[in-house]
Amino acid sequence: METLEFKIRIKAPAQKVWDVLWNDETYRKWTSVFCEGSHTISTWNEGDKIHFMTPSGEGMYSIIETKTPNEYMAFKHIGEIKDFKEQPLDEETKKWSGAMETYRLIEDGEFTDLIARNDSVEKYVDYFKDVFPRGLEVVKELSEEGK
């Protein structure tokens, strides 16, 4: 597995960037670059499960491993969801089960640096290198609106 890192500098406070990342309405906007209609089902509490979903009921389930509001969020990906149901691990899923996806916010004056890291199996590396920066650009636009 390869760990990919994506960085973007946003002219907004960390709390604003955090809200854009994880509030349902704006989450759906920035993750639409991955899949139109992407959303989550979660309580958003550290240690709880989270479902990353497509409108058709496909996706993956993960654990919110660490949540430090306005600073850091870490997801540990576990397995796939099909037809809105968690699937048992199979040989393909075992290749990436345990992969981490993290978001770190570092305030620097009037800016916030957002650093996203994502563990990826080889077949998705090029996909993530294409879509992750586009998603973070949407986070930037939404965070800087009204300034």
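Me: Leaving aside neighbours within four places in sequence, which residues is threonine 26 in contact with?
Reply: This is a predicted model. In it, threonine 26 lies in helix H2, residues 24-31. Its side chain reaches the backbone oxygen of aspartate 19 at 3.4 Å. With neighbours within four places in sequence left aside, the residues in contact with threonine 26 are Asp19, Val20 and Leu142.

Me: Is threonine 26 buried or exposed?
Reply: The relative accessible area of threonine 26 is 16%. Buried means under 20%. Threonine 26 is therefore buried.

Me: Are H2 and H4 roughly parallel, roughly perpendicular or oblique to each other?
Reply: The axes of H2 and H4 are 8 Å apart, and the two helices pack at an angle of about 140°. Roughly antiparallel needs an angle over 145 degrees, and roughly perpendicular runs from 65 to 115. H2 and H4 are therefore oblique.

Me: How many nonpolar residues does the contact of H2 with H4 have?
Reply: From H2, Thr26, Lys29 and Trp30 meet Gly135, Val138, Val139 and Leu142 in H4. By class, this contact has 1 charged residue, 2 polar and, as nonpolar residues, 4.

Methods
Residues are numbered from 1 along each chain as its sequence is written. This is a predicted model: local features need pLDDT of at least 70, side-chain atom pairs count only at pLDDT 80 or more; totals for chains, interfaces and linings use all residues. Side-chain values use heavy atoms; hydrogens and water are left out. Helices (H or I, at least four residues) and strands (E, at least two) are DSSP runs, numbered from the N terminus. Buried means under 20% relative accessible area, exposed over 50%, partly exposed in between (1.4 Å probe, protein chains only). A polar contact is a pair of N or O atoms within 3.5 Å; within protein, one must be able to donate a hydrogen and the other to accept it, and residues adjacent in sequence count only if both atoms are side-chain atoms. Contact means heavy atoms within 4.5 Å. Axes are lines fitted to C-alpha atoms, for helices over the stretch in contact, and angles run from 0 to 180 degrees between N-to-C directions. Angles under 35 degrees count as roughly parallel, over 145 as roughly antiparallel, 65 to 115 as roughly perpendicular and the rest as oblique. Ala, Val, Leu, Ile, Met, Phe, Trp, Tyr, Cys and Pro count as nonpolar, Asp, Glu, Lys and Arg as charged, and the others, Gly among them, as polar.
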